[in-house]
2 protein chains.
Amino acid sequence: MKVSFQGERGAYSEAAAIAHFNETIEPIACESFDEVFAQVEESKVDRGIVPVENSLAGSIHRNYDLLLRHNLHIVGEKIFRVRHCLIVNPGVTLNDVKRVTSHPQALAQCEHYIKKLGASVEPAYDTAGSAKLLKESRARDTAAIASRRAADVYGMTVLDEGIEDDEANYTRFLILKRAPESISNKPCKTSIVFSLKNVPGSLFKAMSVFALRDIDLTKIESRPIAGKTWEYMFYLDFAGSMNDDVCQRALENLKEIALTLRILGSYPRDV
Amino acid sequence: MKVSFQGERGAYSEAAAIAHFNETIEPIACESFDEVFAQVEESKVDRGIVPVENSLAGSIHRNYDLLLRHNLHIVGEKIFRVRHCLIVNPGVTLNDVKRVTSHPQALAQCEHYIKKLGASVEPAYDTAGSAKLLKESRARDTAAIASRRAADVYGMTVLDEGIEDDEANYTRFLILKRAPESISNKPCKTSIVFSLKNVPGSLFKAMSVFALRDIDLTKIESRPIAGKTWEYMFYLDFAGSMNDDVCQRALENLKEIALTLRILGSYPRDV
């Protein structure tokens, strides 16, 4: 099974894909999120995996935009703990490390650790890419910050693991497929995107279609629509699947209220 | 008036502060968001400015965490369009540019433009910092991507402006102060954070306190609380101020339902 992801080989997205499926998948590295979506759409791969929210950084609106622009189905989710590793060329020890290289966001998330190490920092284009470049340079005074998967892919050594300052660092990934899958009997979640006229009470009305049916919401987020000052887009996840009559009726009801409604998919819940 | 912000001199946060106040303020550069909050709390500066959401990248949860951890007041907001500039050392022309340097996120946001230019990319720690380093290096084959403000601060030349692929790129900044300000007569917004037990319908109940009083919501976002699988935190902004009886009554009502409630401030709405 081919699974496309954004980033260099060894990226956190690749690690999440392996954790969700298993070691037998063939991960396909893409330069951009657009390319991940395009590869799934053109059947060049079987699945795509994209991050949609991180516990520290928030929702990645870009990928919600792409979900709306493409006609793919969400068939799964993976909640993946971001555990940054200090990665070096084989034989290098902690005492040798004078510089640390990674994506600025990863460097910022390991600020205290790097300070204690007394190392200088050097920004890189991405986390796994910093490990790849370090491998090529053969430098013995530098460490990269990336996933354990990146160390495995490039045959490098993990000197330390879980070096992030805040360990409540989780990313939620979605698994995308061209055709929908038959819905599992496991507890499911359904993701939708809808828009409303911005009049007082409109969101309250929209939410009543779930509350009246005791459907549990697991995510809600509003987003102003660019260029349309008085309209809002909402991302909403709820417990249940499109196999449940009650969920179908709630969405029929929502259509009466919403300006637009798109059902992105029902999929087994990751707990 | 001293205003602290995160980043190097010329950062987008500094540009937003100038746009919100005026040229007479004294911008104080801080290494981290924590430092911005600490400087306001310790009265070393008069105001702080921090980004809380971007139209492409989403909410910056980190700054909501800091709002909860510190006891500051939101006294204003600024919605600032991110217009990336191509910045060079004086005398350098577009034909000379072989490399482009900036924060990876800015490089990604200008991907098409850089491709058309046929330049290679070099990641930097931040946008304004890339302009500063370029100035120091005196390189004549490299351009930085940063704000127009950064070009002004470092005495460099703007070769092109608005080079981002997606022009719907806005960041919302909050202005922080140690003591609350008397509330303006202009149209106001109030920001609150509250938590709820995750039982079906709890958010619906919480929202009814606004809907029953025709109070318009301008933002809502749920966030799972780390380590507490069944509790959620909500960020909510509504039209109105704590000077309005109806808003005070809505929040009194919300206290009966919420596990925790924090009022972050009422402030004039930026339109």
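In which loop of chain A is A:Arg138 found? A:Arg138 is found in the loop between H6 and S9 of chain A. Helices (H or I, at least four residues) and strands (E, at least two) are DSSP runs, numbered from the N terminus. The model is a predicted one, in which local features need pLDDT of at least 70 and side-chain atom pairs count only at pLDDT 80 or more, while totals for chains, interfaces and linings use all residues. Residues are numbered from 1 along each chain as its sequence is written, and chains are lettered from A and ligands numbered from 1 in the order in which they are written.

A:Arg138 is not a glycine, yet its phi is positive, at about 60°. Most residues other than glycine have a negative phi. A:Arg138 counts as exposed because it has 9 C-beta neighbours inside 10 Å. A residue is buried if 20 or more other C-beta atoms lie within 10 Å of its own, exposed if 12 or fewer, and partly exposed in between, with C-beta atoms placed from the backbone. In chain B, B:Ser43 also has a positive phi, near 60°. This residue lies in the loop between helix H2 (33-41) and strand S3 (47-54) of chain B, and B:Ser43 is exposed, with 10 other C-beta atoms within 10 Å.

Chain A has nine helices and 15 strands. Its C-alpha atoms fill a box of roughly 65 × 40 × 35 Å along the principal axes. Of the 271 residues in chain A, 49% are buried. Two residues are in contact if their C-beta atoms, placed from the backbone, lie within 7 Å. Among contacts in chain A between residues at least 6 apart in sequence, 72% join residues at least 24 apart.

The buried residues are A:Thr127, A:Ala128, A:Gly129, A:Ser130, A:Ala131, A:Lys132, A:Leu134 and A:Lys135. The elements that cover them include helix H1 (12-20), strand S6 (85-88), strand S7 (99-102), helix H4 (104-109), strand S9 (142-146) and helix H7 (148-154) of chain A.

A:Val97 lies in the loop between S6 and S7 of chain A. This residue counts as buried because it has 20 C-beta neighbours inside 10 Å. Leaving aside neighbours within four places in sequence, A:Val97 is in contact with A:Val88, A:Leu117, A:Ala119, A:Asp141, A:Thr142 and A:Ala143. In strand S6 (residues 85-88) of chain B lies B:Leu86, which counts as buried with 25 C-beta neighbours inside 10 Å. Beyond four places in sequence, B:Leu86 is in contact with B:Ala143, B:Ile145, B:Leu159, B:Asp160 and B:Ile163.

A nonpolar core is a set of buried Ala, Val, Leu, Ile, Met, Phe, Trp, Tyr and Cys residues joined through C-beta atoms within 7 Å. The largest such core has 152 residues, and those with the most contacts inside it are A:Ile87, A:Ala131, B:Ile87 and B:Ala131. Not counting residues up to four places away in sequence, B:Ile87 touches residues including B:Ala131, B:Ala143, B:Met156 and B:Val158.

Two helix pairs of chain A were examined. Axes are lines fitted to C-alpha atoms, for helices over the stretch in contact, and angles run from 0 to 180 degrees between N-to-C directions. The axes of helix H8 (residues 202-211) and helix H9 (residues 245-257) of chain A come within 9 Å and cross at roughly 170°. H8(A) and H9(A) are therefore roughly antiparallel. Angles under 35 degrees count as roughly parallel, over 145 as roughly antiparallel, 65 to 115 as roughly perpendicular and the rest as oblique. In this pair, A:Lys205, A:Ala206, A:Val209 and A:Phe210 in H8(A) meet A:Ala250, A:Asn253, A:Leu254 and A:Ile257 in H9(A). For helix H2 (residues 33-41) of chain A and H3(A), the axes come within 10 Å and cross at roughly 30°. H2(A) and H3(A) are therefore roughly parallel. Their contact is made by A:Phe33, A:Asp34 and A:Phe37 of H2(A) and A:Arg62, A:Asn63 and A:Leu66 of H3(A).

Between the chains, 31 residues of chain A are in contact with 31 residues of chain B. Strand S4 (58-59), helix H3 (61-69), H8 and strand S13 (217-225) of chain A are the elements that give two or more residues to the side touching chain B.
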